[in-house]
Amino acid sequence: MEKDFIQSMKEKMLEEKKDIINSLVANDDDSRKILSGSSARDSIDEASDAVDLNMLQYLGEKDMNRLNLINAALTRIELGKYGLCMKCGKQIPEARLEYIPYAVLCVDCKSADERRNR
């Protein structure tokens with residue numbers, strides 16, 4: 001895999017990492033605002049806040065998962081193993097990495113995993 005491509009993917013992941021961290025900080029601020037809301041609220045407001053908190057928590061979990069995948073991919077770049085399937089060891093196509101820069105499986109292995117999990 002070409003160094004220019006790997007550098008491009010690294011920059012793309014670092015930018016996405018920054019965006020995720022900003023999103024997590026914003027979600028945390030939103031959660032604090034909801035939790036510190038006035039105590040003189042009716043049950044509809046409380047239910048709405050509960051739904052909002054659950055949504056923020058769900059989004060935060062998804063963001064944290066993506067952040068972990070990005071950090072792992074950045075580590076693989078440093079180790080010289082970026083772009084190699086973690087299952088079969090074959091090269092992951094650049095087109096797949098452009099779409100999912102932190103992909104750990106080639107298309108064949110990912111498809112096989114999805115078939116098994118159905």
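Helices (H or I, at least four residues) and strands (E, at least two) are DSSP runs, numbered from the N terminus. These legends describe a predicted model, in which local features need pLDDT of at least 70 and side-chain atom pairs count only at pLDDT 80 or more, while totals for chains, interfaces and linings use all residues. Residues are numbered from 1 along each chain as its sequence is written, and side-chain values use heavy atoms, with hydrogens and water left out.

**View 1. Gly83 in the loop between α2 and α3 (94-99).** Welcome to the loop! Setting aside residues up to four places away in sequence, Gly83 touches Met1, Lys90, Gln91, Ile92 and Leu97, where contact means heavy atoms within 4.5 Å. Ala103 is 20 residues from Gly83 along the chain, and their C-alpha atoms are separated by 7.8 Å.

**View 2. Met13 in helix α1 (residues 3-35).** Met13 is buried, at a relative accessible area of 0%. Beyond residues up to four places away in sequence, Met13 touches Ile70, Ala73, Leu74, Ile77, Tyr82, Pro101 and Tyr102. Asn71 lies 58 residues from Met13 in sequence, with 8.6 Å from C-alpha to C-alpha.

**View 3. The largest nonpolar core, with 20 residues.** A nonpolar core is a set of buried Ala, Val, Leu, Ile, Met, Phe, Trp, Tyr and Cys residues joined through side-chain atoms within 4.5 Å. Those touching the most other members are Met13, Ile70, Ile77, Tyr82, Cys85 and Leu97. Two or more residues come from each of α1 and α2, and α1 gives the largest share, six residues. Take a look at Tyr82 too: leaving aside neighbours within four places in sequence, its contacts include Met1, Ile6, Met9, Arg76 and Gln91.

**View 4. Arg76 in helix α2 (residues 43-79).** Not counting residues up to four places away in sequence, Arg76 touches Lys81, Tyr82, Met86, Tyr102, Ala103 and Val104.

**View 5. Buried residues of helix α4 (residues 107-116).** Here Cys109, Ala112 and Asp113 are buried. Seen down the axis of α4, the buried residues fall within an arc of 100°, so they line one face of the helix; the arc is that of the directions from the helix axis to the C-beta atoms.

Technical notes
Buried < 20%, exposed > 50% of the residue type's maximum accessible area, 1.4 Å probe, protein only.
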